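Open the model in your viewer and keep the selection panel at hand. The stops below go from the whole chain to single elements.

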Amino acid sequence: MAAIGLLAVGIPVGLNWLHESSRGATGSGAGYNAATEGVANASSTQGGTLRFVSTQEADSWDPQRTYYGSVWDFARYYTRQLVTYAPRAGRASTALVPDLATGLAKVSDGGTTYTYELRDGVTWEDGSPVTSQDIKYGIERTWADDVISGGPAYLKKVLDPDQTYKGPYKDEDPRKLGLRTIKTPDSQTIVFHLSEPNGDFEQMLALPVASPAKSERDTGSLYELRPFSSGPYKFASYDPNRKLVLVRNEQWNQESDPIRPALPDRIEVTFVADANEMDERLLSGEFDLDLNGTGLSRAAIAKALGSADLKANLDNPSTGYVRYAAFPRSVKPMNNIHCRRAVIFAADHRELQTARGGPIVGGDIAPNMLPLSIAGSDRTYDPYGVLANNGKANLEAAKKELKACGRPNGFSTTIAVRKNVPVEVDTALALQKALKKVNINTKIDQVDGAATFGVFKSPKAVKDRGYGVILMGFAADFPTGQGFLRPLVDGRFILEAGNNNYSELNDPEINALLDDAIAEQDPVKAGGIYGQINRKVSENAVYLPITYEKIMMWRGPRLTNAYTADSYYGRYDYVSLGVR
């Protein structure tokens, strides 16, 4: 790509890429799905106020504390990272490009040492330079989980697996830079020393958790109320649960930033309590887009699709989420692979897709567990003939599997679902109906979503309650097989609390392949290994993939440079947006 070539020689392309992306793009103008097919309303015009609305506050505006995907997207207005995701539509957005650094890492010592040089002219909002020490200090803050807990812990696991460092607030180093695995030989150079190779280390550095922080401006747990900006915008005012306002950071240097065109003069986020009210105000033009990016309600979708003018402002992207049913192997008879296969064959994927809202809202039928945004995925891999059978149940195959598992007359189990997620309850009912046709009788236990951590994520609670099926969804923290598969299928990640490996799969061959893929520096080769893992997961029959989720998003008619990015779960790439 031409823009990447410009980046390699250090030429800012924060505006150039807009023109390049719009040439020949089918989505270069407004229209239904325009932002999923290219850049909708490409423009380099600056000015105006970009107006977000949201029914949910951020978990935190502190880059080291946030775990909301919407905030990861938004935080790049006021934070920068050594590397970030390419300002491109769709899957192309998952490529890593330099941000604060002059290039991607120089990797040495068998994949355990990563070295970066910083760009010239990068400044804080007070005009002082952003240094390698600032980047190190920002990363070190994540170790202080007694003060600023909440963010992802990947860097802690890779850089300090024994957890010997206690964070900068307890650091005895005079400059609070005591983490020994990060070296800063000068203000423009930073070197990371990993305990073992990890081909996704730069993916971890692209997360907001790796943003710089200026120690003199660090206010600990209060930092989330007023983060200090290294990006093109800074906090002007913030009234929690009411309104956040960002204005231009006059000290930001466009020549030092190849990613952010910084088109609006002002950015506002207004918080409202009612989702239906939010949708109405979006469709009326009062706001430009939903910060959370979780899609319109079914009522708002029906209204928008019924109007040619409104429909032109809709986009229907994939989110990167796979919605699935997990079969905990500790719960009988789901410890028997043939009983699990019986459930997979008996499931009617068309009915499950309909329960989730149909192909437009619910998403495409998923024949396997690896989402299409992940290298190694293969949408034609159909191990249970789901696509070949047009999504319908294969009752004869299900009956054969029941005989093989010693339950020719069927069996009983419990489906666990979050009761405050209506679409999941509908999905459970559809699955219950399908399984009944082969005498697999189920009861549905609706659990409060707030209790998920103590129930669904506790293997002991799952076994004690007899949950043979758990309905859930998952998307990767970063778009690789490690980010998606490891929490779900690595047997060494089965946790007593906070467990995501709901099936409790612990296959030594899969674990070994995960190690190989993680250590691989070539992402294409790693993707091939993740493809192998995906097949072995299917062979184990521990998950019933349901849909590759899609949502219907509102793209306000004032928006320019709107495109959906796989790197941000199908949301618009916020920092590229402008208004007309």
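What share of the 580 residues of the protein counts as buried? The figure is 59%, where buried means under 20% relative accessible area, exposed means over 50%, and partly exposed lies in between (1.4 Å probe, protein chains only). This is a predicted model, in which local features need pLDDT of at least 70 and side-chain atom pairs count only at pLDDT 80 or more, while totals for chains, interfaces and linings use all residues. Residues are numbered from 1 along each chain as its sequence is written, and side-chain values use heavy atoms, with hydrogens and water left out.

**Whole chain**

Show the C-alpha trace. Taken along the principal axes, the C-alpha atoms fill a box of roughly 75 × 60 × 40 Å. Colour by secondary structure: the protein has 19 helices and 21 strands. Helices (H or I, at least four residues) and strands (E, at least two) are DSSP runs, numbered from the N terminus. The radius of gyration is 24 Å, close to the 25 Å that the globule rule gives for 580 residues, so the protein is as compact as a globular protein of that length. That radius is taken over C-alpha atoms, and the rule is 2.2 Å times the number of residues to the power 0.38. With contact meaning heavy atoms within 4.5 Å, 71% of the contacts between residues at least 6 apart in sequence join residues at least 24 apart.

**The largest nonpolar core**

Select L82, Y116, I139, L155, F192, F201 and L205. These have the most contacts inside the largest nonpolar core, which has 43 residues. Such a core is a set of buried Ala, Val, Leu, Ile, Met, Phe, Trp, Tyr and Cys residues joined through side-chain atoms within 4.5 Å. Two or more residues each come from β2 (83-85), β5 (113-117), α5 (132-140), α6 (154-159), β7 (189-193) and α7 (201-205). The largest share, 4 residues, belongs to α6.

Centre on F201. Leaving out residues up to four places away in sequence, F201 touches Y114, L155, V158, L159, F192 and L194. Another core, of 37 residues, lies apart from this one and includes M472, A476, L505 and I529.

**The four-stranded sheet**

Select β4, β5, β7 and β6. In that order they make an open sheet of 4 strands with antiparallel pairing; two strands pair if DSSP finds at least two bridges between them. β4 (106-108) and β6 (182-186) are the edges, each with a single partner strand, so one side of each has no neighbour in the sheet. Neighbouring strands are turned by 20 degrees against each other on average, direction ignored.

β4 and β5 are joined antiparallel over 3 bridges, and K106 has T115 in β5 as its bridge partner. Axes are lines fitted to C-alpha atoms, for helices over the stretch in contact, and angles run from 0 to 180 degrees between N-to-C directions.

**The six-stranded sheet**

Next, show the open sheet of 6 strands in the order β14-β18-β13-β17-β15-β16, where the pairing is mixed. Its edge strands, β14 (364-365) and β16, each pair on one side only.

β17 (residues 467-474) runs parallel to β15, joined by 3 bridges; A416 stands opposite I470, and T414 has Y467 as its bridge partner. Toward β13, 5 bridges join the strands in the antiparallel sense, with A325 partnered by L471.

**Helix α14**

Select residues 395-404. In α14, A397, A398, E401 and L402 are buried. Which way do they point? Seen down the axis, they fall within an arc of 145 degrees, so they line one face of the helix; the arc is that of the directions from the helix axis to the C-beta atoms. The buried residues pack against α11 (337-346), β15 (411-418) and β16 (440-447). On the face turned away are the exposed residues E396, K400 and K403. Just after the helix, G406 takes a positive phi of about 80 degrees.

**Last stop: G454**

Select G454, in the loop between β16 and α16 (459-465). At 49% relative accessibility, G454 counts as partly exposed. Its C-alpha atom is separated by 7.1 Å from that of A497, 43 residues apart along the chain.
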